[in-house]
Amino acid sequence: MDTQRFALAVLTLVPLVVACGSQKAGTGSGSVDAWRPVTGVDWRVQGITAGGTARKVQGKPYLAFDAKSGKVGGRLGCNTVNATATVRAAQITLGRPSTTRMMCDASLMGTERALLGLFDGRVDYRVDHDTITLTSENGTIVRAVADK
């Protein structure tokens, strides 16, 4: 009877241990997907909230953080952007942005202005599977997904 209880306990616990052990702990980002780094990924912007208002994303904006160069680059909707970027656990410090100066449709420029709210300050981030959420000190929130 003791052998049967032991076998039942093992058969019950093994799947739980395996399931719990397969999640990778994040390094302070609040993420369970440590395999999805912030750097080396093109993050396609899917949603922007600026000034407490959700804004429709226009164009195909994306951001890409490069750990080796300590920079971020990408497209804001109309123009390209580059800035310094220091990525730490759960936080990124973004420098003053340098952009091209093309004039585009007003909707693209609106997306661009909202995304510029991330720069020249500290941004908290959280990675959840293939999604990153960036929150700036001024309250701008950007949600982006990893480009595959």
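Trainee: Before we look at strands, what makes two strands count as a pair?

Mentor: Two strands pair if DSSP finds at least two bridges between them. In this predicted model, β6 and β8 pair in the antiparallel sense, over four bridges.

Trainee: Nice. Which residue does Thr93 stand opposite in β8?

Mentor: That would be Arg122.

Trainee: And how many bridges join β8 and β9?

Mentor: Six, again in the antiparallel sense. One place to look is Asp124, whose bridge partner in β9 is Thr135.

Trainee: What sits between β8 and β9 in their hairpin?

Mentor: Two residues lie between these strands, and His129 in the turn has a positive phi of about 60°.

Trainee: Switching to the core: how many residues does the largest nonpolar core have?

Mentor: It has 28, and those with the most contacts inside it are Phe65, Leu94, Leu118, Phe119 and Leu134. The elements giving two or more residues include β3 (62-66), β6 (91-94), β9 (131-136) and α2 (106-116).

Trainee: Which element gives the most?

Mentor: β1, with four residues.

Trainee: Back to Phe65, what is it in contact with, neighbours within four places in sequence aside?

Mentor: Its contacts include Val38, Val41, Trp43, Val72, Ala85, Val87, Ile92 and Leu94, and also Lys71.

Trainee: What about the helix, which residues of α2 are buried?

Mentor: Leu108, Met109, Thr111, Glu112, Ala114 and Leu115.

Trainee: And what do those buried residues pack against?

Mentor: The buried residues of α2 pack against β1, β2 (53-55) and β10. Both β1 and β10 are also among the elements that give two or more residues to the core.

Key. Residues numbered from 1 in each chain as written. Predicted model: local features only at pLDDT ≥ 70, side-chain atom pairs only at ≥ 80, totals over all residues. Heavy atoms only, no water. Core = buried A, V, L, I, M, F, W, Y, C linked by side-chain atoms within 4.5 Å. Buried < 20%, exposed > 50% of the residue type's maximum accessible area, 1.4 Å probe, protein only. Contact = heavy atoms within 4.5 Å.
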